[in-house]
Amino acid sequence: MQTFSQLGPSEIFFIARRDNPCTSNCRAQLWFTGRLHFRQESFGFRLKNRVEYSARPVPPNLIAAEKEEAKAVLTLFFKKQGLSNSVSVRIINKSDLFIDHLVSRLHSVHKARYLVGRELTTLEIRDSLVPYLEQLHEEHGDLLSDLVVSFPDPPPPPAEDRPVSSPPATVTQPRGLTDSAADTRKLRAVSRVSELDTEGALRPQTLYLLDLGLNLEQIKTITRKFAAFPYYSLEGKIKPVVEFLLDLGIPKSDIPTILCKRPQICGISLTDNLKPTMAFLETLGIDKNQWAKIIYRFPAILTYSRQKLISTVEFLTQTGLSEEQIGKILTRCPNIMSYSVEDKLRPTMEYFKSLNVDVAVLLHRCPQTFGLSIETNLKPVTEFFLEKGYGIDEIGIMISRYGALYTFSLRENLMPKWDYFQTMDYPKSELVKFPQFFGYSLQERIKPRYELVKRSGVRLLLNQVLSLSGVEFEKVVKKKMMKKLVSDHQSSSELL
C-alpha cells in the first residue's frame, strides 16, 4: 500500500455511501483541490477530485488562523446569497471538513508561497476562495449549503426525489447546540490571549498589544469578533502593520481604536496589498496627506478588494461627479466604500431622483445620506414633509440645499423643531429657503435667538437669526432696533 508521502498529483475516485460511517474519518486528512463532481450511480455517488500532498509541515497556529479566515469568507458568501447571519453561522458550524478542504485548496494553489514560508494575506485568501465558491454555487445552486455540510459525502437528494414511503426522520436539536462548535473555537481563541508560557509570561503578541494601549478585555473582544486575530504572527503581520500606521502619522493612542474597528488589517500584506491599495486610492483623488484621519475613521477601506473599490468609484462617476469631487468624498467619508452598489447606492440614487434631487450635488455635500435605509429613514422623512403640506419639488429643493436633512431623527429632531417653528412668525416656505434650520440646536440656538428677536421688536430672516455668529447676530439686531427707533420717531413727528 502506498503511503501519503508516496502519492503525487493524481486522479482519485471515491465511492461515497451515506451509510458508511467511516467515510469522513478516512478522508479527513486529505488535501482536496480542484472541482467537485458528483454523479449518482446505482450503488452510491462517485466523487472525483485531484489530490495533492505536500510534505512541508505547516505550523498549527497558521492552520488555525487560515481556518478562521476561510470561515469568514464562507459566511460572507452565504450572506450574499441571501441567507441570514444566524443560518450562515449554523451551516459553518457543521462544515469542519469543508473548511479543511478550503484550507487545503489554499495550500495547493499557493504551494510555492508555503515552500518559502510566506503566509497568505486576508485579501489573498478571499481572492482565492470566492471564485471557487462562486463556481460551486453555479454548479450546485441551492444545494451548495447541503454540500458544505455533508462534505466529503455528496449532498442528500432534493425532497421531491426521495421515496415517499420512507421520508427522512426529523431530528430536533436542542436550542444552542448548533452554535457550540463556534463557541468552542471562540473560547479557545480568547483563552489564547491570556495564556502564559512556562515562565509565567503572556504571549509576545499580547504583550505588544498591551504596550500599544489595548487592555486584555479589548483584545478578547477583538478575538470574539475575529477569532483569527490571536493567531497572527507578531513579527510577520501585526508589528509591521502597526509600525506602518505610525509612520503615516497616526498617533499611538489611535492604534487601539483602529485595531478594534478592523483587526483584519493586520492580516494584510504591506507590499502586496496595503501600499498598492493606498496608491490606487490616491489615483482616485484621495489626499495622501489625510491618510491618518481616513484610516482612523474607517480602516476597513484598506481591506477591500480592488474590484469593490473600482465598482464604487465607477458608480460615483456615473452620477456625474468629477475625479476631484470623488477624491474629496472618499477623503471625507471613506465608509461610502462599504456600501453595496446594487443593494444600497443605486436604489438610494433612484429614490432621490424620484424627488428631483441632483444626486451628484447630494453625494458631494452629504455622502453619508447614502448609507441610510430607504424604508426606515428616507421614506418616513419624505412622508413627514408631505403631510405638512410641502410638495415633492419643494422637498427636493430642501434636500439639495441641505443634504444632512435626512440624517436627522424624525422623532428627536424634526418633529420637535417643526412644532416650535409653528409658533414662529414665518411662513412654511421659509424652510424651503433655509432647511438648515433643522441642523441647529433647539434649546441652545433656535429658542434663545428667536425670543431675543421678539423682545427687540424687530424682524429678521430665518437665515439671519440662526446662521450668523453671536457677535454678528447682536450687531444686526442692534442695527435693526436703531432703524426701528428712527422710523418710529419719524412717524411720531409726522403725526404732530
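## Two helices side by side

Helices α9 and α11 are roughly parallel to each other, a label for angles under 35 degrees. The axes of α9 (residues 204–212) and α11 (residues 234–247) cross at roughly 10 degrees and come within 11 Å. Axes are lines fitted to C-alpha atoms over the stretch in contact, with angles from 0 to 180 degrees between N-to-C directions. Helices are DSSP runs (H or I, at least four residues), numbered from the N terminus.

Which residues of α9 and α11 make the contact? From α9 come P204, Q205, Y208, L209 and L212; from α11 come L234, I238, K239, V242 and E243. Contact means heavy atoms within 4.5 Å. These residues divide into 7 nonpolar, 1 polar and 2 charged. Nonpolar covers Ala, Val, Leu, Ile, Met, Phe, Trp, Tyr, Cys and Pro; charged covers Asp, Glu, Lys and Arg; the others, Gly among them, are polar.

## About the model

This is a predicted model: local features need pLDDT of at least 70, side-chain atom pairs count only at pLDDT 80 or more, and totals for chains, interfaces and linings use all residues. Residues are numbered from 1 along each chain as its sequence is written, and side-chain values use heavy atoms, leaving out hydrogens and water.

## The largest cavity

The structure holds 3 cavities of 30 Å³ or more. A cavity is a set of points on a 1 Å grid over the protein atoms alone where a 1.4 Å probe fits but cannot get out; lining residues have an atom within 4 Å of a point.

The lining of the largest cavity includes Q205, L209 and I238. By class, this lining has 7 nonpolar, 2 polar and 2 charged residues. Helix α9 gives the most, with 3 residues.

How values were computed. Angles under 35 degrees count as roughly parallel, over 145 as roughly antiparallel, 65 to 115 as roughly perpendicular and the rest as oblique. On a 1 Å grid over the protein atoms alone, a cavity is a set of points where a 1.4 Å probe fits but cannot get out, and a pocket is an open set with protein on both sides within 12 Å along at least five of seven lines; lining residues have an atom within 4 Å of a point. Grid points are joined across faces, edges and corners, and a volume is the space filled by probe spheres set on the points.
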